[in-house]
Amino acid sequence: CPGTATAGCPELNPSGGTLTNSTNSYEYCFQVQTASPIQVSSFDIYTQSNSGTITRPAHIYTDVGNGPSTVPLATANITVGPSAGFYTATFASPVSVSGTFYIGYENSPNGVISNLTSGANGVGFYRTAVTGSWNQSNLVQRPSWRVTCTGGGTLTPAIGNQGLPILNSTYDVTLSDALPSTFAVLVTGLSDTNYSGGTLPVALPGAPGCSLFVSDELLELKPVSASGTASGTFSIPASPSYIGFDLFHQWAVLDFANPLGIVVSDAGRATVDQ
């Protein structure tokens, strides 16, 4: 039941951080993934030069056998200064990619590798610039990069959870990939086979492909954040009599992707345990 929210451009550790200051003279590239075809106009690498301001070739590669292709798909220049920060390579025209691809540039002699002391994990490859064979890097654990792009497919709101339905605790039912800055209803029920209007699932009129999968005993209105997320919290009593008790959850998001003006997430079941 896709909405009108679109996938953002790929990024990893987009705020930068503290570099480990590992250096060498190889060419490095970093693995990027996108669920839908996009057109890349530029990319930023968080790095620095230890030999003044330098201008070096930067490349984008397709994926071949779980690694970067030998020949670049497109090439630009990147100018890197002596201070740690994001430096940009801009292509003469947008480059079309999909699935897995790679971005990087040819380090100067003893250039600083984009790898942070903390942050999200990523994958990097290295080789002798342009002519060598690629190898996965053990030095690169937490690279930092950002892609500027257009395109990207529409998103379907997704249900998730933080925490578990355990006695005397709380868990959160989460929403992601929703239209930003709107409202959503968290539907919670006691059944996934029947609701107040009949049997489940039931197709929503005016919303092709959208169905209600849970009964509607509890409806909670939640604001959706600017990043397309929302959350609802549930408290589980301490009594052992609740062990094995089921709650069913689904999100409905205000989104004028269809005449009804509502799109829904997938659904989930929470079973209380101890």
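Buried means under 20% relative accessible area. With that in mind, welcome to this predicted model. Strand 13, which covers residues 183-189, has 5 buried residues out of 7, so this strand is largely enclosed by the rest of the structure.

**Strand 13 and its partners**

- Strand 13 pairs with strand 18 (residues 218-223) in the antiparallel sense, over 6 bridges.
- In this pairing, V185 stands opposite L221 of strand 18.
- Strand 20 (residues 246-254) also pairs with strand 13 in the antiparallel sense, over 6 bridges.
- Here L186 is the residue that stands opposite W251 of strand 20.

- You can find H59 in strand 4, which spans residues 54-62.
- The side chain of H59 makes a polar contact with the side chain of T75, at 2.9 Å.
- A polar contact at 2.7 Å joins the side chain of H59 to the side chain of E106.
- Leaving aside residues up to four places away in sequence, H59 touches a set of residues including E27, F43, P72, Y102 and V130.

**Salt bridge between R127 and E27**

- R127 and E27 form a salt bridge, with their closest N and O atoms 3.1 Å apart.
- This pair links distant parts of the chain, since R127 lies in strand 8 (residues 124-127) and E27 in strand 3 (residues 27-47), 100 residues apart.
- R127 is buried, with a relative accessible area of 1%, and E27 is buried at 0% relative accessibility.

**Salt bridge between D44 and R146**

- D44 forms a salt bridge with R146, and the closest N and O atoms are 3.3 Å apart.
- Distant parts of the chain are linked here too: D44 belongs to strand 3 and R146 to strand 10 (residues 145-151), 102 residues apart.
- D44 is buried, at 9% relative accessible area, whereas R146 is partly exposed, at 27% relative accessibility.

**Salt bridge between R56 and E106**

- R56 and E106 form a salt bridge in which the closest N and O atoms are 4.0 Å apart.
- The pair connects distant parts of the chain, with R56 in strand 4 and E106 in strand 6 (residues 85-106), 50 residues apart.
- R56 is partly exposed at 25% relative accessibility, while E106 is buried at 9%.
- E106 also brings us back to H59, through the side-chain polar contact at 2.7 Å.

Key. Residues numbered from 1 in each chain as written. Predicted model: local features only at pLDDT ≥ 70, side-chain atom pairs only at ≥ 80, totals over all residues. Heavy atoms only, no water. Buried < 20%, exposed > 50% of the residue type's maximum accessible area, 1.4 Å probe, protein only. Helix = DSSP H or I, 4+ residues; strand = E, 2+ residues; numbered from the N terminus. Pairing = 2+ DSSP bridges. Polar contact = N/O pair within 3.5 Å; in protein donor to acceptor, adjacent residues only side chain to side chain. Contact = heavy atoms within 4.5 Å. Salt bridge = Lys/Arg side-chain N within 4 Å of Asp/Glu carboxyl O.
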